[in-house]
Amino acid sequence: MSSSTKVANQDQHARSATRPQRPAPPGPLKPTRARRRPALIALGLALVAVSVLGSVYLATSLGQTYQVLAVTTDIPRGAPITPGDIGVAELPEGAGSALLEPVLADQLDEMTTGKVATADLKAGQLLTADSVATELRPPAGQSIVGIALAPNQMPTQPLKAGDSVRVVETPATGGEPPARAPFAIAATVVSPAQTTIGEQTVVDVQVTSSTAADLAARAASGRVAIVIDAVGAG
């Protein structure tokens, strides 16, 4: 080998030694197996099942209705109610409709036979038990008077609607008892505790119209008391 060839080879070897070596390309990635988590899978299936059941329940419940009575024409207060004034409406089952307390459709005869409207009824509104009555209160020839009574002016036994009572005039505080039977008016309790004024209880009583003015004047003086004669069915 000539000296020139030997020098060339040494030169080439030196350049190869100083040249940076390229990294070898990475090998193919090994496939990894996903780890299965049974708890998460079970939870997902449970949520799917609950969602499906909820959808089925809503579809079923929203599809259920029941029939109630509704007013089909305007009825003024006190006017007789006829079957032609009442129709049937359908309401969806649920707590919201139950709060309305409408009369069920199978009670049509009961709500129209001998009944009058207790208030102005408008077409489209639902009929309730309070919408009708056998007669308006007070009936003809009767009046309602409110009497404010202190605890010592009424029995300790609770008054109930329908109780037969007498409203008796009492003497002034510290006065002498009457020498003869005191003034008294027969009455029927309508609303025993409509409101209170301090320690007084306001009792609504129904009396004949001819005695209503006299009773109202005496009750305004505060010199009256109530006596129970018979307990009503209410």
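Q: How many salt bridges does a search of the whole structure find?

A: The search of this predicted model finds three salt bridges.

Q: Which side chain does Asp-229 meet in a salt bridge?

A: Asp-229 meets the side chain of Arg-166, with an N to O distance of 3.0 Å. Asp-229 belongs to strand E9 (residues 224-230) and Arg-166 to strand E6 (residues 164-169), so the pair ties together parts that are 63 residues apart in sequence.

Q: How accessible are Asp-229 and Arg-166?

A: Asp-229 is partly exposed, at a relative accessible area of 44%. Arg-166 is also partly exposed, and its value is 37%.

Q: And Glu-169, what does it form a salt bridge with?

A: Its partner is Arg-218, and the closest N and O atoms are 2.4 Å apart. Because Glu-169 lies in strand E6 and Arg-218 in helix H5 (residues 209-220), this pair ties together parts that are 49 residues apart in sequence.

Q: Which other residue forms a salt bridge with Arg-218?

A: Asp-214 does, with the closest N and O atoms 2.9 Å apart. Both residues are in helix H5; they are four residues apart and are therefore separated by about one helical turn.

Q: Which residues are linked in a network of salt bridges, then?

A: The network links Glu-169, Asp-214 and Arg-218.

Q: Why does Glu-169 count as partly exposed? What about the other two?

A: Glu-169 counts as partly exposed because its relative accessibility is 22%, and the buried class requires a value under 20%. Arg-218 is partly exposed at 22%, and Asp-214 is partly exposed at 32%.

Q: Changing topic: where is Val-205, and is Val-205 buried or exposed?

A: Val-205 is in strand E8 (residues 200-208). The residue is buried, since its relative accessible area is 0%.

Q: What does Val-205 touch, leaving out residues up to four places away in sequence?

A: Its contacts include Ser-143, Ile-144, Val-145 and Ile-147. Also among them are Val-165, Ala-187, Val-189, Leu-215 and Ile-226.

Q: How far apart are the C-alpha atoms of Val-205 and Ser-164?

A: These C-alpha atoms are separated by 9.3 Å, while the two residues are 41 residues apart along the chain.

Q: How do E5 and E8 run, and how many bridges join them?

A: The two strands run antiparallel and are joined by eight bridges. Within this pairing, Ile-144 stands opposite Gln-206 in E8.

Q: Which side chains of E5 are buried?

A: Those of Ser-143, Val-145, Ile-147 and Leu-149 are buried, and they point to one face of strand E5 (residues 142-149).

Q: What does the side chain of Ser-143 make a polar contact with?

A: Ser-143, in strand E5, makes a polar contact with the side chain of Ser-209 at 3.0 Å. Leaving out residues up to four places away in sequence, Ser-143 touches residues including Pro-138, Val-207, Thr-208 and Ala-212.

Q: One last topic: which residues make the nonpolar surface patch?

A: Leu-40, Leu-43 and Leu-47 make this patch, which is about 310 Å². Leu-40 is found in helix H2 (residues 38-62).

Technical notes: Residues numbered from 1 in each chain as written. Predicted model: local features only at pLDDT ≥ 70, side-chain atom pairs only at ≥ 80, totals over all residues. Heavy atoms only, no water. Patch = residues over 30% accessible without salt bridge, like charges linked within 9 Å, V, L, I, M, F, W, Y side chains within 5 Å. Areas by Shrake-Rupley, 256 points an atom, 1.4 Å probe, with all protein chains shown as cover. Salt bridge = Lys/Arg side-chain N within 4 Å of Asp/Glu carboxyl O. Buried < 20%, exposed > 50% of the residue type's maximum accessible area, 1.4 Å probe, protein only. Contact = heavy atoms within 4.5 Å. Pairing = 2+ DSSP bridges. Polar contact = N/O pair within 3.5 Å; in protein donor to acceptor, adjacent residues only side chain to side chain.
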